[in-house]
Amino acid sequence: MSDSSPLLLFPFLAAFVVLWILSLAFLKNRYSRLRLPPGPPALPILGHFHKLSLDPHKSPQSLSRTYGPLMFLKFGSVPVIVVSSPEMAKNILQKQDQNFAWRSLPVVQRVLHKYPSMALSQPDPAWRSIRQICATQLFAPTKIKSFQPIILEKLRSMLRSIDAEGKQKSCARSKLHAASSNIISMMALGKKLQMNESNSTANASSHLTSLLVESIELSSIFNISDWVPWLAWMYLQGCERKSKVLGGKLQKVWTEIIDERRQYRNIVGPERKDTDFLDILISAFEAQDPLLEYEKITPILYDIFAGGTDTSSITVEWALAELISHPSKMKRVQDEIDEVMKRVEQDDVQNMPYFQAVIKETMRLHPVIPFLVPRMAKQECRIEDFDIPANALTFINVWAIGRDENVWENPLDFSPERFLGTDFDIRGRHFELLPFGSGRRVCPGMLLGFTNVNLMLACLLQAFDFEPDERLDKIEKFG
Ligand code: HEM
C-alpha cells in the first residue's frame with residue numbers, strides 16, 4: 001500500500017460516519033413512537049449482530065430467556081422479531097397469518113432468478129395459484145402414493161449400496177443424501193433422465209445438480225447487503241456478481257430441460273400422461289395461461305430441489321443418531337417394525353405408534369429449519385402490549401420452543417414415549433411442534449417430506465442393526 005492511502009481513505013470514512021449518524025437518527029425517529037417488544041441494547045450499524053455466537057440458532061434462545069418470548073432485535077439496520085413460545089407463534093401464524101405472510105427477498109435470490117422462488121414470493125395471486133397447483137396436483141396424497149414404488153426402489157438401491165460399502169457414518173450420510181436427491185429428481189424430472197446418460201437432458205440434469213449445490217451455498221453466505229442495505233452499492237463480497245453468473249447458467253440448463261420436454265410432449269401428442277412434476281407443471285401452466293412464459297416454471301422446480309432434498313435426509317440422520325445413542329429405544333422401534341412389516345410400505349408405517357413417536361421426537365429436538373423461513377409483517381401491528389413495525393423480519397424459533405422447559409418435560413431428553421397416546425401431529429395445528437411451519441406459508445411439500453422420512457428410516461431400521469458408537473457426533477451446525 002502506498003503512503004498516501006490513509007488520506008485516500010479519509011473521505012470514505014467521513015461518508016461512512018455521516019451515513020451512520022443519519023441512519024441512527026432515521027431509525028430513532030422511525031421507532032420512537034412505538035412500544036417495541038423488549039430486547040438488549042443495540043450497537044450502531046451492527047445492531048445486535050455481536051450477540052450472535054458461532055451457532056446463531058442458539059443465541060436467540062438464551063437472549064429470549066432474559067427478554068421474553070417476543071423480542072425485538074436489529075440485525076444491521078433490519079428490524080427483527082424473535083418469537084419463542086407456542087402462544088406467540090400461534091398469534092403470528094394463526095391470528096395474524098395474513099399480515100405475516102410476506103417474505104424478504106435476499107439479494108442473492110433476487111439476482112439468481114428472474115422470478116422469485118415460491119418460498120420467497122410475496123403472497124400475491126401468482127403465488128396463490130402455484131400453492132393451489134401444489135396442493136391439488138404436485139403433492140396431492142394420491143400423487144405421492146403413486147410415487148411410492150419409485151421411492152422404495154431408490155431406497156432399496158441405497159440399502160444395497162450401504163451394505164456393499166459398510167455403514168460408517170460418513171458413508172451412510174452421503175448415501176442418504178444421494179437417495180433423497182435421486183427421489184426428488186425422479187419425481188420432478190422423470191426416471192428416464194437418470195437412466196440414459198447419453199441423453200442430452202441427462203447431462204443437463206447432472207450439471208443442474210452441481211449448479212443447485214452452488215446456488216444453495218451462495219444463498220447461505222452471510223451477505224452484508226441484506227442487513228445493511230445502504231452499503232449494498234459497494235458490492236463488498238461480490239455475491240451479486242456471482243449470483244448473476246450462476247443465475248444465467250441455471251436458466252440455460254432449465255431452459256434445455258423444459259424445451260426438450262415440450263418437444264417430447266408435441267411428438268407424443270394428446271395420448272401422453274403427466275408422469276412427473278415437470279409434466280404436471282407444463283400442463284397446469286398451459287391450461288391457465290396460453291401466453292405462458294415457461295421461465296415461470298423454473299423457480300418452482302428450484303424450490304422442489306432446494307426444499308425437498310436435504311430436509312428429509314438430515315431428519316433421518318438425526319433420528320438414527322438419537323436411536324444409536326439410546327439402544328433400548330432402538331430395540332423397541334426395531335421390534336415394532338419386525339412385528340408390523342414384512343416389506344416397508346407407507347400404509348404399514350402409519351400403524352407403528354412408537355416409530356411415529358420417534359419421528360416426532362426427532363423433529364421436536366432437531367427441526368431442520370430452526371427459525372422457519374422468516375416471515376415479514378406487511379403492516380405495523382400489535383401483539384399483546386407491543387407494537388411490531390412494518391417490514392419487521394420475523395423468526396419463529398421452533399428450535400427453542402422444542403427445548404423449552406415450560407412447554408416440555410425434560411425437554412433435552414430424547415423420549416419418544418412423550419408422544420404416545422397424545423394427538424400431537426406435525427401439521428401445524430400444535431404450536432409446540434412446528435417442524436413444517438404453519439398457516440398459509442406452511443411447507444407445501446410436507447406430505448412428501450414426511451413420507452420420505454418415514455420410508456427412509458423404516459428401510460434403514462429394518463435392514464440393519466446399528467452398534468452404539470462413542471464417536472457419534474451430535475453437534476448441530478447452522479445452515
Ligand atoms: C422433512 C422434510 C421437510 C421439512 C422439515 C420442511 C420444512 C419446511 C418449513 C419449516 C418451511 C417454512 C414454513 C413457514 O414459513 O411457515 C418450508 C417451506 C417450504 N417447503 Fe418444506 N420441508 C420439507 C420438505 C419439503 C419438500 C419435500 C418440498 C418440495 C418438494 C418442500 C418445499 C417447500 C417450499 C416450496 C416451501 C416454501 C412455501 C412458501 O413459502 O409458500 N419442503 N418447509
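# A tour of the predicted chain

The chain has 20 helices and six strands; helices (H or I, at least four residues) and strands (E, at least two) are DSSP runs, numbered from the N terminus. This is a predicted model, in which local features need pLDDT of at least 70 and side-chain atom pairs count only at pLDDT 80 or more, while totals for chains, interfaces and linings use all residues. Residues are numbered from 1 along each chain as its sequence is written, and side-chain values use heavy atoms, with hydrogens and water left out.

**Whole chain.** Start with everything selected. The accessible surface of the chain comes to about 23,600 Å², and 57% of that belongs to carbon and sulfur atoms; areas come from the Shrake-Rupley method with a 1.4 Å probe, and for residues only the protein chains shown count as cover. Of the 479 residues, 51% count as buried, where buried means under 20% relative accessible area, exposed over 50%, and partly exposed in between. Contact means heavy atoms within 4.5 Å. Among contacts between residues at least 6 apart in sequence, 73% join residues at least 24 apart.

**Iron site.** Select the ligand and Cys443. The iron atom has a single donor from the protein, the SG of Cys443, 2.3 Å away. Donors are N, O and S atoms within 2.8 Å of the metal (3.2 Å for Na, K and Ca), and water is not among the atoms, so sites may look incomplete. Cys443 lies in the loop between H19 and H20.

Asn410 has a positive phi of about 40 degrees although it is not a glycine, and its relative accessible area of 48% makes it partly exposed. Most residues other than glycine have a negative phi. Now select Glu384, in the loop between strand S4 (381-383) and strand S5 (386-388). Glu384 has a positive phi too, of about 50 degrees, and is not a glycine; with a relative accessible area of 54%, Glu384 is exposed.

**Helix H18.** Select 353-365. The end C-alpha atoms of H18 are 18 Å apart, which agrees with the 18 Å its 13 residues should span at 1.5 Å a residue; the expected span is 1.5 Å times one less than the number of residues. Twelve of the 13 residues are buried, among them Tyr354, Phe355, Met363 and Leu365, as well as Lys360, Glu361 and Arg364.

Next, select Val373, in the loop between H18 and strand S3 (375-376). Val373 is partly exposed, at 30% relative accessible area.

**Helix H13.** Select 277-288. H13 has twelve residues and reaches 16 Å from first C-alpha to last, close to the 16 Å expected. Nine of the twelve are buried, including Phe277, Asp279, Ser283 and Phe285.

**Ser215.** End in helix H10 (residues 200-219), where Ser215 is found. Ser215 counts as buried because its relative accessibility is 0%. Leaving aside residues up to four places away in sequence, Ser215 touches Leu112, Leu246, Leu250 and Tyr302.

Conventions: Buried < 20%, exposed > 50% of the residue type's maximum accessible area, 1.4 Å probe, protein only.
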